[in-house]
Amino acid sequence: MTATATRTVRLVSGDEVTIPESLVGPESLHTDNPRFVGMSPEGWVVVEAYGLRYGLTPCCGASAKGSMVGDEPAIVCRACYAEVDPLLGGEATVNPDDVWQPDEDPIDPESLGLVLDAATERVEALRATAKECAAMGSHVAAERFYAKASRLAEAVGNLRQIG
Ligand SMILES: [Zn+2]
């Protein structure tokens, strides 16, 4: 097993587990990134990817896969090909007490960027509407749209500083 950056996280039960850092990164738009969910009753690290939860092998922290051991079909570790508990080949369950709830909800810069871009478009649209209202002589409506636009623009500005 190669050395990877690890992180110790605290589960709901108060227990701590040390797992690869890559499993606890910010939630990504790309669902092929396995993300730590918690510990299974069997003591496996359970991750979620593609909306599926599966346990990682105790030997290598890899996913399991079907293979042949001799002439028999078996579930093996994807990394070292050792035969593992056949249950690792199926969907894993997590002990309710052993769920991981991240303390801080890290903001995924990619998702935030998309939200801010959409909000910025909305600001432009509100200003355009305000201009139209003003051109038609509806100054009260125009003011309302301008006010909305500047409140939203301010919020976007604040969030851009975080991101
Ligand atoms: Zn292995």
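1. A residue counts as buried if 20 or more other C-beta atoms lie within 10 Å of its own, as exposed if 12 or fewer do, and as partly exposed in between, with C-beta atoms placed from the backbone. By that rule strand β3 is mostly covered, since four of its five residues are buried. Across the protein chain, buried residues make up 15% of the 163 residues.

2. Some housekeeping before we go on. This is a predicted model, in which local features need pLDDT of at least 70 and side-chain atom pairs count only at pLDDT 80 or more, while totals for chains, interfaces and linings use all residues. Residues are numbered from 1 along each chain as its sequence is written.

3. Here is the overall layout. The protein chain has two helices and seven strands, and from the N terminus on they run β-β-β-β-β-β-β-α-α. Helices (H or I, at least four residues) and strands (E, at least two) are DSSP runs, numbered from the N terminus. Two residues are in contact if their C-beta atoms, placed from the backbone, lie within 7 Å. Among contacts between residues at least 6 apart in sequence, 41% join residues at least 24 apart.

4. Next, have a look at the sheet. Three strands form an open, antiparallel sheet in the order β3-β4-β5. Because β3 (35–39) and β5 (52–55) stand at the edges with a single partner strand each, one side of each is left without a neighbour in the sheet. Neighbouring strands of this sheet are turned by 35° against each other on average, direction ignored; the axes are lines fitted to C-alpha atoms, for helices over the stretch in contact, and angles run from 0 to 180 degrees between N-to-C directions.

5. How do the strands pair up? Two strands pair if DSSP finds at least two bridges between them. β3 and β4 are joined by four bridges in the antiparallel sense, with Phe-36 opposite Val-47 in β4. Strand β4 (residues 45–49) also runs antiparallel to β5, again over four bridges, and here Val-46 has Gly-55 in β5 as its bridge partner. The hairpin of β3 and β4 has five residues between the strands, and in it Gly-43 takes a positive phi near 90°.

6. Which residues touch the most other members of the largest nonpolar core? They are Phe-36, Trp-44, Val-45, Val-46 and Val-47, out of 17 residues in that core. Such a core is a set of buried Ala, Val, Leu, Ile, Met, Phe, Trp, Tyr and Cys residues joined through C-beta atoms within 7 Å. β3, β4 and β7 each supply at least two residues of this core. Leaving aside neighbours within four places in sequence, the contacts of Val-45 include Ile-19, Phe-36 and Leu-56.

7. Thr-8, in strand β1 (residues 6–10), is exposed because it has 9 other C-beta atoms within 10 Å. Its C-alpha atom is separated from that of Val-24, 16 residues away along the chain, by 9.8 Å. Pro-102 lies in the loop between β7 (72–77) and α1 (109–135) and is partly exposed, with 13 other C-beta atoms within 10 Å. Pro-102 and Val-24 are 78 residues apart in sequence and 8.5 Å apart in space, C-alpha to C-alpha.

8. Finally, the helix α1. Its 27 residues reach 39 Å from first C-alpha to last, close to the 39 Å expected at 1.5 Å a residue, where the expected span is 1.5 Å times one less than the number of residues. Just after α1, Gly-137 takes a positive phi of about 90°.
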